[in-house]
Amino acid sequence: MIHGKKDRILFLPMALLVAVTTLFPLVWALIISFFRYSAYDPSPVFVAFNNFLRVFRDEGLVLSLNLTVLWSLMKSSAEILISFLLAVRLRHSGRASQRVMLLLGIGWFFPAYISVSAWRALVQGYAGHSVLSSIFGTGIDITTQPLAAFFVTLFVAVWLSVPLSTIIIVGMLQRVSSDLDDNMRIDGINDLNAAAVLFGQVRSILVPYAFFQLARSLKEFSVPFLMSGSGPLIPGGFTPDTIVGSTTFMSILLFRKFSVTDNYGILASYSVIVGTLVFGWLVAALFSRLDAPKRHVRLLTLASVVHLLLGVFSGNYLAGLVMSFLYLVPLLLLREREHFRPIVGCILLADLLYAVAAFASRGLEGLPAASLLAVPAVLLSMRYSLRIPNISIGSLTKRLLTFLALLPTVVIFSYVLLLSFSPISDVLPRFKGLGLSSFRHVLIRDSLWLNMLNSIWIALLAIGLVALCVFPFAYSHAFRQRRITTVLLSVALFGTSFAGMHTLLPLYMVFDHIRLLNSFIGVALVVATQCIPLSAISLIAFFRGLPREFRELFLLEGSSETSYFFKVALPLSLPIIGGIATYVFVSAWGAFTAPLLFIDRIELMPYSLKIFSYVGEIGSYYSRWNLFAAASIIGIVPLLIFYKRSLRFIYSESLKERGVMYE
Amino acid sequence: MRGIVAAILSVVFPAVLFSALTVWVSWEGEEFFYKVAREFERLTGIEVEVLYVPRIDTKLQLSLRTGHLPDICLVQDVSTGIIAASGRAVPLDPEFLASLGYFSEDALSVFSSNGKYLAVPFYADLQVGFLNRSLVKPDAPSQLMSGYTIEDLKKLPRVKDDKDVISVAWDFMSPYVFFSFLAGYGEVTDSRGMPAFSSDTYASAVSEVRELFASGTVLRLERQAMVSRFLAGKLIFMLQGSFLAPEFERAGIDFQILPFPRVGDKSIPSVIDSKGFVIFDEKSLEPVRLFLSFLFEESMDFATSNYKIPLWVQELPVELVDLERVMENVVRMPSDMRFQQIYGEAMRTVLQVVYVQAMSIDDALKSAQAFAESNW
């Protein structure tokens, strides 16, 4: 147990970070949800619950919510599955694995604007032809076909998410002892079963991470927005309050709401709904790391609450009440293990059947979003055993599958490279007149390297802030959940779930007051705050999984908790830390809105803003594709260098200690 | 001349009296603005900090509320409403404007609110027709006299009979291009300034323009596809923004700028979209006036090479003769951001569902009207 005043030092930095960047903006935005505050109002006008009434009568929001949950579940499931299988393949440190990891990272490092445009060229094509249509004779048009827009956006989002998840899972798999491989070989366990065994070894950190990714997907914006905007209209989507296309996910809906009304009050009230749902799934991520029966109690209760709230919200009162009640029934049978697990299984099956029937009869409007969230949460909590066939996959097949996983990255990289050598600005690469003029333009004429230096500063500061604030906090919370650390974590998680333009205005006021505007540290603080959920959830789960004996022995010898944290816990966490550091670096490198709003001085402009001068204002400017591509190629160099260094931590030998038994 | 002005300025207005002038810009001309700022500094000693902002409307929205604003900001005409509502812009008197150049009442009106001028007009972009002259016979463009139709375009004699070359294309689903057609058919807004989706204007325009695509007269292509085809010499005529012209010049395309074609007996105006400088600091008015005066002096080459209509002069330079022809029939979008957003979102949806025949024109426009009423 952690106790005593000295260990307050472990969570105080996090408290300070949350106090500065989250608390006031959160409270301000919650209050403003009861006001009208548009561009035409000199000061906020109290409207009581009018904004919320508007939210509750918005049929489009229900459609968007159902669409978002369906898409997010599909996206995060595919992402975790593919990433896990790739991670199993790449978990052993070797030159080949590291090369594959590097190549995987490249696809992630390109700005979404250019990689999404590349995907559009591949799938839909410009000028009437696309790679897909040429090879397969497809006639995909994501501007007119709702299903095409939905699935293409899903595919691209999964592809862009796989690198980060693979890195994180490779880091998780480093805690598995190499003795296990020998034992599995001796027992004749083949590939699929081996993957299942490895899953069992890391499930306590992988499942929370999967929930985190699901929560994050609920707020996905860049990929769907750049790929297809709101998407073609879906049946019933032309509602008076909101127009819902096949990719009008909740984040895009919020963006459109703000664009149309410029009303912070409306945006804040919509964000309460969206934020609550995202927060609920971040909480599920934390609950999933607990031991049974606490885990079961909390997740069943969460499932019940979600069914009740979303049932009421979507107008399915009876179904919501019934399902909510059903999920509470097993709580009466917690001690009767032989009945408890089958009954929960039956409830899950009933919920699934209900979801299928509702979707079949009423389409997207009838889809119960609560079921799509409750079923995976409770299923993963129950840890039912599944019989996996003991199949071996041939080495050639494995190589082919790995190659297929990397092929899109190779294609996208080649596309961007060709664009960067092109003498003219066209979204389709040319093969004639190639040269280096674009590189000269961006590096020398535009001095892009200065902006890159600014971004490097911001990234290093953000990593430092995460290390200083989140790492010790996660350690402290992993071993003792004080009320203060639980509140702190809840505020941080809800703050990031709820964040948007409506929280940027009050944050701006805070930064102005404490003179953090026009500074790298200001932007780094925003980036660090946005990285709290992934960092905290992954690290809390990881620290909980460390052998208790290490800590007990260390403390028995008279050393302090803080000393154990720095000398033992942190070094053992290097693989996860490597993944988190890469995530923070990439987030800082691509940060756009915070520097756009908080920096007014040209010498402080980061790389992310500078390269968007080549994109321009959509609709009244033509993107300079060759310059943007050249800038993108140059921009991935620091990311690759940092990533390569991080791989050393991810594959850190310090964890491969023989004879160490993990949970 | 410049040297004399500089000498007078440096004596009358010593640089030490002023901190740096801050200027926010966007769209084209980033290097040009930096160059002008450096030259102005050199001549007058007045420091100018130019900041190029990629999403200036987003930044401006926040800055208008917080009050952290530059001395001057380049804005779009549709931002006039929110700028006026903020109360932060310095109203400009006619003498101030007259000292900078000649501004027509039409150019000033889009930057006005309640009788006050809130910005100094700088340049305008137009939606125009681009004709690829290398794909048609040399005498073909002369056949497109004023009042030409799409059928006239289809009949243009080609240099080669290439089935891969498209005659006419634009994006039917673009609400911005479609606005021109609406304006050609009648009133676009109702008495409240809201889009009048349920009016006959909208129904007729959607129906008749849709027919052009359904009959195969015009091909629907997205913007990037149009530009790529035009650059590759596979598209004879398209409708797009005049800001694309410098790209075509760089690519060596032999092109001509034309007004919008007629549709039946309807004359279709081009949308004109203006940019102007808003002044936020009253105390900097004099150095701002000096800077803008210098900027306008230096900007004619910038305007002509970027195919922009200079709004501070009475007569357009001869290099922009094609754009002058387009200027004979123009229309402006209402300078209300609400109109832009509501119209843009709803109209795009109407055009999309009508194009794929997912909804009837009547039903689509009724739904759009309900959307507008709910969100206005």
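Colleague: In which helix of chain A does A:Ile80 lie?

Modeller: This is a predicted model, in which local features need pLDDT of at least 70 and side-chain atom pairs count only at pLDDT 80 or more, while totals for chains, interfaces and linings use all residues. Residues are numbered from 1 along each chain as its sequence is written, with chains lettered from A and ligands numbered from 1 in the order in which they are written. Helices (H or I, at least four residues) and strands (E, at least two) are DSSP runs, numbered from the N terminus. The helix that holds A:Ile80 spans residues 59-90 of chain A and is H3.

Colleague: Is A:Ile80 buried or exposed?

Modeller: A residue is buried if 20 or more other C-beta atoms, placed from the backbone, lie within 10 Å of its own, exposed if 12 or fewer, and partly exposed in between. A:Ile80 has 23 other C-beta atoms within 10 Å, and is therefore buried.

Colleague: Which residues are in contact with A:Ile80, leaving aside its neighbours within four places in sequence?

Modeller: Two residues are in contact if their C-beta atoms, placed from the backbone, lie within 7 Å. With the neighbours within four places set aside, the contacts of A:Ile80 are A:Ser165, A:Ala210 and A:Gln213.

Colleague: How are H11(A) and H12(A) oriented to each other?

Modeller: Axes are lines fitted to C-alpha atoms, for helices over the stretch in contact, and angles run from 0 to 180 degrees between N-to-C directions. The axes of H11 (residues 250-261) and H12 (residues 264-287) of chain A come within 9 Å and cross at roughly 170°. Angles under 35 degrees count as roughly parallel, over 145 as roughly antiparallel, 65 to 115 as roughly perpendicular and the rest as oblique. H11(A) and H12(A) are therefore roughly antiparallel.

Colleague: How do the residues of the contact of H11(A) with H12(A) divide?

Modeller: H11(A) contributes A:Met250, A:Leu254, A:Lys257, A:Phe258 and A:Thr261, and H12(A) contributes A:Ile266, A:Leu267, A:Tyr270, A:Ser271 and A:Val274. Ala, Val, Leu, Ile, Met, Phe, Trp, Tyr, Cys and Pro count as nonpolar, Asp, Glu, Lys and Arg as charged, and the others, Gly among them, as polar. The division is 7 nonpolar, 2 polar and 1 charged.

Colleague: Which helix gives the most to the side of chain B that touches chain A?

Modeller: In this interface, 52 residues of chain B are in contact with 43 residues of chain A. Elements that each supply at least two residues on the chain B side include strand S2 (48-52), helix H3 (56-66) and helix H15 (337-355). The most, 9 residues, comes from H15(B).
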